[in-house]
Amino acid sequence: MSLPATPVSAVAPLAALAIAVALDLAVAEPPARVHPVALFGSVVERVDREWARPGLAGGAAAGGLPLLAAAVAGGTVRAAAGVGPRVGVDPRPLAVPVAGALLFSTVSLRMLRDVTAEVVALTESDPDAARESVRALVGRDAADLSPAALRSAAVESAAENLADGFVAPLAGFAAGATVGLAVAPATPLPLAGGVAGAAWVKAVNTLDSMLGYRSKPVGRASARLDDAVMYLPARATAGCLAVAAGSIGTLSRARSWAREPASPNSGWPMATAAAALDVRLAKPEHYALNPTAAAPSVADAERAVRLVGVAGGVAVAGTAGWLAAVAGVVAWS
């Protein structure tokens, strides 16, 4: 008995994922002037002002803007599927690279590692320059931070942003593609759904990063939505870090510190990194993760950069494995 053929559309999300990862490794970030996230941020800036009813305005932004981003991203892929010659079954060839490029715009791993590595190196050679560079990673005041505290801030941010900027969009892509494969596998829907899912998650996170502060009543809805959306990705990121470190036991150690940060989610990847590296990661007057350990040395922080890179690879492998399994089920059904 011969195996059923897998529709092109069932493996197209895997191809788009491969393109996105390759672009991230090669390019790091799209040019700012055409970066979809930067363009979305310019829309969010119009919400960041005083409103007569900030709760209503913030709720409308949190509910509507991510859906708009998802619709534009998914619609672009659907439109691309209608361009060019038909090859076998849908989607047509242009849809896959378009989907890959759009997914690439929602994820960021190389840039995160590059900036973290730069800050770590500068803590040893030029601490003042490190204090300037770390602003790309953290919002805290770095003016009085020691080199060790700067390294701690960089490692914390690398772990947290692995969840926000890489694992979460991949999870959105996998979720959207899965729905598309379940509903209409031999159409552009799996690709469009995957890209829409990634764009929605990235938009939610961008809203929170721009508006989700206690000083901005308009951002309360965005912050609560981000807390809900990041619940699973943050914990999945902790798992990826533990696998990358070769020690699942780090998760049990991290559990005792993960709730110290005010955020319900960011503590998980940061605490797991602290356990995996056996270093103390601390934000003065807020939290101390693995408090009895020493602050990260340059060598420790360099290991953190490598750890985040390997954990990102684990996340990609997990996403690819999930999509391949779903495609296999679709092929047999």
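Which side chain meets Arg224 in a salt bridge? Select Arg224 and Asp227: their side chains form the bridge, with an N to O distance of 3.1 Å. Both residues belong to helix H9 (residues 220–229), and because they are three residues apart there, about one helical turn separates them. Arg224 is exposed, with a relative accessible area of 54%.

Before going further, colour the chain by confidence. This is a predicted model, and the protein chain has an average pLDDT of 91, with 94% of the residues scoring at least 70. Residues 1–8 fall below 50, and this stretch has 11 contacts in the model beyond near neighbours in sequence. Residues 87–91 also stay under 50, with 16 contacts beyond four places in sequence. Where pLDDT is low, the predicted coordinates should not be read in detail.

Next, the other salt bridges. The count for the structure is eight. Select Arg303 and Asp300, whose closest N and O atoms are 3.0 Å apart. The two residues lie in helix H13 (residues 298–332), three residues apart, or about one turn of the helix. Asp300 is buried at 18% relative accessibility, while Arg303 is partly exposed at 33%. Then go to Arg135, which is bridged to Glu132 with 3.5 Å between the closest N and O atoms. Here Arg135 is exposed at 58% relative accessibility, and Glu132 is partly exposed at 47%.

Show the largest nonpolar core, which has 68 residues; Leu162, Phe166, Phe173, Leu191 and Leu289 have the most contacts inside it. Helix H7 (residues 147–183) supplies the largest share of this core, 12 residues.

A second, separate core has 11 residues, among them Phe40, Ala61, Ala69 and Leu207. Select Phe40, found in helix H2 (residues 36–45). Phe40 counts as buried because its relative accessible area is 12%, under the 20% limit. Beyond four places in sequence, Phe40 contacts Leu65, Ala69, Ala203, Thr206 and Leu207. Of these contacts, Ala203 is 163 residues from Phe40 along the chain, yet their C-alpha atoms are separated by 7.5 Å.

Finish with the aromatic rings. The structure holds zero aromatic pairs. Select Trp51 to find Arg49 over its face, 3.7 Å from the ring centre. Then select Tyr231, where Arg235 lies over the face of the ring, at 3.7 Å from its centre.

Terms used. Residues are numbered from 1 along each chain as its sequence is written. This is a predicted model: local features need pLDDT of at least 70, side-chain atom pairs count only at pLDDT 80 or more; totals for chains, interfaces and linings use all residues. Side-chain values use heavy atoms; hydrogens and water are left out. pLDDT is the predictor's confidence in each residue, from 0 to 100. Contact means heavy atoms within 4.5 Å. Rings of Phe, Tyr and Trp (its six-membered ring) pair if their centres lie within 6.5 Å; planes under 30 degrees apart count as stacked, over 60 as edge-to-face and the rest as tilted. A charge sits over a ring if NZ of Lys or CZ of Arg is within 6 Å of the ring centre and within 35 degrees of the ring normal. Helices (H or I, at least four residues) and strands (E, at least two) are DSSP runs, numbered from the N terminus. Buried means under 20% relative accessible area, exposed over 50%, partly exposed in between (1.4 Å probe, protein chains only). A nonpolar core is a set of buried Ala, Val, Leu, Ile, Met, Phe, Trp, Tyr and Cys residues joined through side-chain atoms within 4.5 Å. A salt bridge is a side-chain nitrogen of Lys or Arg within 4 Å of a carboxyl oxygen of Asp or Glu.
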